[in-house]
Amino acid sequence: MADTPYFCVVQQFLNSSFFIAICALLLACESDNASFTQPEDFIPRDPETIISISNYETLKNDLKLNEIIDRYKDRTEFKLLSGDHEILRHLTIKTKSLISIHSGEGDQKEFAFISRMDSTILELDSVPNIISETLTYGKYTIDRIQVEEQIAFSASRDSFFLLTSSQKLLEEILDDKTASEEKYRNTTRLGSDAELLITRNNSMVHLTDSIYEPLSEQVSLNLTIAPGGITGYGVATGQDSVIKLMDAFKGQIPQTNHISSVHPVNARSSVTFTISNPDSLVQHLRSLRGDTIPKTLPAIFETATELAEIRTKEGDIIIMHSIDPTLTNESLLPSLLVNTNFRDVDIYDFTAAQIFVENFNPLISQTIPAYCFRVEDFFVFTETMVTAENFITSFKTNSVLENSNHYQTALGDMSTASSLMIMFFDEQVNTGISDALFGATPNPNNLASVGDYNLSVLQFSHDRDFAHVNFVCKEATQSKKMAGGVVQLFSKKLEVDILGEPTFFTNHRTGGKDIAVQDMSNKLHLLSSSGKALWSRDLKHPILGEVHEVDILRNGKKQLAFATKNALYVVDRNGNDVRPFPVQFRDEVTQPLSVFDYDNNRKYRFAIVQDKEVLLYDNKGKNVSGFKFAGAGSSIVLPVQHIRMGNKDYILVAEESGTLNILSRVGKSRVRVGKRFKFSDTPIEQEGSSFVVITSEKTKEKISQSGKVSSQKLEVSDSYSFVIDYNTKATLDDNLLRVNGKLIELPFGIYTTPEIYRVNGNTLVSLTETQEKQIFIYNRDGDLLPGFPIYGSSSAALDNLDRSNAMNVLVKGESNEIILYEVR
């Protein structure tokens, strides 16, 4: 059959160059039909690092303001991130971008830059000293570009702009030779909202400045670069058959970290790891080392939950936390010989010197202890007696990591429980920064000094087949630990003294809070919760009273509403006016703005007072024609107020003549009050079903909804103030504060009017003593919060920045200083 003429003809056709050409053409057509729709689709094969950037211009600005990362400006990775690369600096990038970094010849690095095509992304004619050449590759046109000594190649495909450092890399993309594995293609999509996402494959990590280990197959970090530091969170994953360091923690449940309470503050670096299953961890570490000799777990580790190897200038230390110190002590006894006592701590010679390295290498790799002692639930092992004595001295004087400024600064970005935590201190901080941003390098400390950045933390918490990752490195001077769990997050000084008081403003993008403040030059500033200046604008006039937060577009995006003497403003979070605002006035505005939201539906009414007149405006900046109040008979002396009782709305207008107008929504008289009052600065309050006026004559006037007035003479001082909010009532008479009837005797001084806040479900009363500049905050039972009073010179604003259980306190410090605290 095989020799038949028909078979021979067919076989000749199949072997013919014509048939082969047809097959090649069909395959080419199939390839031509492949369409890439996302930047991730163009990542070349085998990337070492993938960088996803949501807004390149914002990132470049953030990098300029960051003291840490600027010190790495000679590295290729930094030049690509910052746009300082000789060719990338000429790009105009308006959309999300990707950069992949690949191994080149020798120590060289190759890169690919990917972004959506735009007509202005690279205008060759506008680049000075450029040498360009047009090449043809299949159906694609490639531009060979040379600027100074740098050469790159660019092309476009499927509406994407591609720029690579080598022609070969670009041709691979055009030939669909891309990183098709899901772990690469989905990497940046997992962090689609990230401003900066860095993913490293086959990641290495330093355990000391000179020892580094394969960490995991892939690590992705969502990084935030701010003027005061770098923070990040992400995941580490591993699927390779080759075991890596994070694989050793499979089956371990992350435990609470305790060692910071005894960790010496003068350490150079430390590796801390927790244990829930000692046998499993030790066995995985043996597999990592290639150790096939079976060994029995020493009894001293059966009660251990956390160990740390700490390196100090005086010597290395191992700390072990035990859940049963008595049992651990019994297990240690055969290896202990009494040596000496130092400051009431017994120090023993330790004879099992190799036990830690034999079982926990590479997590504990160098320390061969000769001495052992116990403090609280911790067993401490040192190489020298000097190191042991220094440790005990630090512990006795509370010179421990937990009490340090830099650790308290980092704490808010760390998990309380972890599997592995790697910390570098002072001159070693470069090692941790380099690991997080660029991956482990042989000599990270040769890069730069990092000034006031005293700590970097890289933290891993194992969870099934991956690990959660946290990284933090912040400037130590931005946090000051206060007594009782109050931490100063930052102190920010403006160039000009502050006018009024700083206030919180919701950031709809993050769900957190920013800070709005006006200075004496009438500039309005918006700062981030880390103190970073977001924008400033000149208002020409002071803001009257407080700044209100509104949502006039009713889409969850908040705005600032306020009045000056000649305008009503509504400003968005970017500092731009929301049209048709501002509303300009010829006559002077004489009272602070009032904002009413009758039905909590964000259909606001903005109340403007001009001497005797009340003007009401809606969300569109139009005068509410249905409001018929004819005007007061004399000057209005307080901001217009809105009080709701039951299903009725009352608008209150207080006049200089003593008349109190109680109006309906449409401005008609709802309650006629026959008595006249000498109004004080105290706003009119609601108490039960009555209106309450505290007069300048120190009488308390209660007005029913029918207009009946009952008067009570108050035996109080001229400084008396009164505030009530639902079920919480506070009064202040000189230094006597009453909160819900409980009398509190304050130190003598001059106090601001008490203010009532509700934060995290708690009702709090805040006031400030302005001479000694002290902030007092009490709960609704009249108990002073732990750690108070704290420093501050203005009334405090209380809120929650990040939806955690912590409360934040915003105050003015010195005349030009804003201070933000966190109460834990």
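The model is predicted; local features require pLDDT of at least 70 and side-chain atom pairs pLDDT 80 or more, whereas totals for chains, interfaces and linings use all residues. Residues are numbered from 1 along each chain as its sequence is written, and side-chain values use heavy atoms, with hydrogens and water left out.

The protein has 13 helices and 54 strands. These are DSSP runs numbered from the N terminus (helices: H or I, at least four residues; strands: E, at least two). Along the principal axes, the C-alpha atoms fill a box of roughly 120 × 85 × 55 Å. The accessible surface comes to about 37,100 Å², and carbon and sulfur atoms hold 46% of that area. Areas follow the Shrake-Rupley method with a 1.4 Å probe. Of the 824 residues, 53% are buried, that is, under 20% relative accessible area (1.4 Å probe, protein chains only). Contacts are heavy atoms within 4.5 Å. Among those between residues at least 6 apart in sequence, 54% join residues at least 24 apart.

A nonpolar core is a set of buried Ala, Val, Leu, Ile, Met, Phe, Trp, Tyr and Cys residues joined through side-chain atoms within 4.5 Å. The largest such core has 83 residues. Ile99, Leu163, Phe273, Leu307, Phe360 and Leu420 touch the most other members. Strand E9 (residues 212-226) gives the most to this core, with five residues. Another core, of 30 residues, lies apart from it; Ala267, Ala308, Tyr371 and Leu455 are among its members. Within the largest core, Phe360 is one of the residues that touch the most other members. Leaving aside residues up to four places away in sequence, Phe360 touches Phe273, Ile275, Leu281, Val282, Leu285, Arg289, Phe301 and Leu307.

Helix H9 (residues 325-332) has Pro325, Thr328 and Leu332 buried. These residues lie on the same side of H9 because they cover an arc of only 60 degrees around the axis. The arc is that of the directions from the helix axis to the C-beta atoms. The cover over the buried residues of H9 includes strands E14 (316-322), E15 (336-342), E16 (345-350), E17 (371-375) and E18 (378-382).

Ile43 sits in the loop between helix H2 (17-33) and strand E1 (49-53). Ile43 is buried, with a relative accessible area of 1%.

Notes:
Buried means under 20% relative accessible area, exposed over 50%, partly exposed in between (1.4 Å probe, protein chains only).
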